[in-house]
Amino acid sequence: MASSLSNSAVAFTGATASDLLRSSRSCGVSGIPLRTLGKARFSVRTGDLSVVAKVRKVKKHEYPWPEDPDPNVKGGVLTHLSHFKPHKEKPKPVTLDFEKPLVALEKKIIDVRKMANETGLDFSDQIALLESKYQQALKDLYTHLTPIQRVNIARHPNRPTFLDHIFGITEKFVELHGDRAGYDDPAIVTGIGTIDGRRYMFIGHQKGRNTKENIMRNFGMPTPHGYRKALRMMYYADHHGFPIVTFIDTPGAFADLKSEELGQGEAIAHNLRTMFGLKVPIVSIVIGEGGSGGALAIGCANKLLMLENAVFYVASPEACAAILWKTAKAAPKAAEKLRITGPELCKLQIADGIIPEPLGGAHADPSWTSQQIKKAINESMDELNKMDTEALLKHRMLKFRKIGGFQEGVPVDPIRKVNMKKKEEPIVRKTSVMELEDQVETLKEQISKAKESSSKPTELALNEMIEKLKEEIDLEYSEAVEAIGLKDRLSNLREECAKANSQDQLMHPVLMDKIEKLHDEFNKGLPTAPNYASLKYKLDMLKEFSKAKCTLEKRSKGEELKLDINKKIKEVMDRPEIKEKMQALKDEVQKSGASTAADLDEGTKESISKMKKEMQLELVKVLKSMDLDVEIVSAKKLIDDDLKGKVESLREETNKKIENLMNSSDLKKTIQLLKLEVAKAGKTPNVASKNKIDSLEQQIRQKLATAINSSEIKEKHEKLLTEITLESNGGSNGSLKNDDLKEGTPKNDESRVEINLGANRSFT
């Protein structure tokens, strides 16, 4: 429908004052209702000029931009621009798992109230008692929360969001949008607001309050556009001198492919760098969960405050548990080890303060929580506003520089564990005798072959077998102790010994008697143990292989020593002066024309004897340079093999006799008393201690001498000594031949060089 309007005023019925349009004088139209303009097609004619206009009906909130310019934001980039409004209906209550015990009490209170309303009876006392019980249970529960329970509270669906707190603490607030690059991320909200007349720039993560809002806000996970929007507002605040307050509540930055392509890491890094250079105070408040770099991108502040049940972490407990323990079920353990709650982060000096929450969490009383946040902001800003720009920047830098610092020499808290995951103890299993026999036979064959070849591989196998046998014997002994019934007594005795050792005290004689008694009982009961046969077999094998190891070591050392000695002798014989003397002696013997040693004249014999002595002296010098004890002995003074066997037999018999005497109870106690006296006396004993020690030593000597003199060992020793004396004198009848007294004869000049290598060992 079209109408032609003249220059005269037109009256419209049903028009309100607010609907009237005051147009310019040139149009000549005044008082035209907007609704009529929407329905009318009008034209204005002024002389030859004609203006025709048509008002088209459009949809509400229709914008000239494309319908969905940003694929990261579902529903269009501008769909969130409508004003944030509180819910008309109260959100449905959500009960967490650890809060279920409180539900029963709450149900009882509701039932009693319902009964009071229905019957008209007075149940006020019962209701008051139940309410006091409920409040006490709530207090007990929320004052002893575990880390994983705080994580669940921080993620509560009804927990107040950033905008809930903003409209609770500010008198005025204007939301600012866009990153000036064509995008506006709804997961980060920015704006200017006032608190008690002071203007601030507010930046925060915004989660949804229901499923629809969460999808629109991308569950509080920002894209690069959100961080660039926050960066733009930081520059804006820095330019105009507005202090910045950031609210952190995100599980982390959005980690989809598109965000990574658009530079998610670069956007976060740019924010981190920029925040350390801003010249205005910055306060960050963690109101829910602060996850990784997504939280830190707006969290590099002069002060970091946390709500009582908020958490701040580098990785969520579920992710940490999946990495370390390969299951998300270990999340409670991971939450405890990560130290992500407010009190723990304050101890580590990462957080600077904790803002209290009401019992039941921030969602139990959002307005009270908002007022606590407002109070904390005012206190922090009052402190930071006193600093100049240089001090403010230094304060922010030092806050992050001291994180992770430690001081050498300070003792570590013993409660702290080094490893999060306990080491799994290896399952120890005994080797059966059948399996061990096969391994033993194989090793014996290797040892027999090694006698003719290099013994290095065999020594390695032998060492492995000895270590294995020691472990097996320990297991066998443990099993035998348990079978005999001495396990508890042995454990108690070990504790007593450990206690005595820890106090640096000498072992008490009573404790020594206990050890001896337990040792005797064990030895008596050992043959009755069910594993005695396998234990005995393994002990025998250990003894045999230990002996074989000693033999191999001695042989290898002897071979090495022989090689070294031969090398040194060769060096001596290769000397030019020795070679010249030897050659001159050979020439002299050839000139004499003698065919045997008896045909040599006295001069030649004397030259040979002199040369021999020179060679001996040179060899003695060389061998002494190798730290060897060298002695030149006559051949007739050497004991033959028969006498050596007798000496060795007598030595073994004497050692056995002495060992038996040492194990006797009387002598053993005397030796223990001597040890105690020596330990008590220390390095500088007094006169009384010296006399006591000398007396005890004299008693031990007398007992040993009496026992040996009363036995047959003394007679055997004297008899063997006589035989050695007769043999060394040159004959069984003790007579000496006249030829033996002649000096310089080749017969008496037959001497050898004996090198003592230690007890019972010699090299001739």
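Hi everyone, and thanks for coming. What we have here is a predicted model, where local features need pLDDT of at least 70 and side-chain atom pairs count only at pLDDT 80 or more, while totals for chains, interfaces and linings use all residues. Residues are numbered from 1 along each chain as its sequence is written, and side-chain values use heavy atoms, leaving out hydrogens and water.

Let me begin with the overall picture. The protein has 26 helices and 15 strands; these are DSSP runs numbered from the N terminus, with helices being H or I of at least four residues and strands being E of at least two. Of its 764 residues, 33% are buried, meaning under 20% relative accessible area, with exposed over 50% and partly exposed in between, using a 1.4 Å probe and protein chains only. Take contacts, that is, heavy atoms within 4.5 Å: among those between residues at least 6 apart in sequence, 70% join residues at least 24 apart.

Now to the helix pairs. Two packed helices are described by the angle between their axes and the distance between the axes. The axes are lines fitted to C-alpha atoms over the stretch in contact, and angles run from 0 to 180 degrees between N-to-C directions.

Look at H21, residues 576-592, and H22, residues 602-624: their axes come within 11 Å and cross at roughly 160°. The two are therefore roughly antiparallel, the word for angles over 145 degrees, with under 35 roughly parallel, 65 to 115 roughly perpendicular and the rest oblique. Residues of H21 in the contact include Ile578, Met582 and Leu585, and those of H22 include Ile608, Met611 and Met615. By class, this contact has 7 nonpolar, 3 polar and 3 charged residues. Nonpolar here is Ala, Val, Leu, Ile, Met, Phe, Trp, Tyr, Cys and Pro; charged is Asp, Glu, Lys and Arg; the others, Gly among them, are polar.

What about H5 and H14? H5, residues 162-169, packs on H14 at about 70°, with the axes 9 Å apart. That makes H5 roughly perpendicular to H14. The contact holds 3 nonpolar, 5 polar and 2 charged residues, among them Asp164 and His165 from H5 and Lys374 from H14.

While we are on H14, which spans residues 366-384, find Glu383 in it. Glu383 is partly exposed at 38%, and its C-alpha atom is 9.7 Å from that of Pro281, 102 residues away along the chain.

Last, the cysteines. With a disulfide taken as a pair of cysteine sulfur atoms within 2.5 Å, the count is 0. Cys300 is buried at 2%, whereas Cys550 is partly exposed at 42%.
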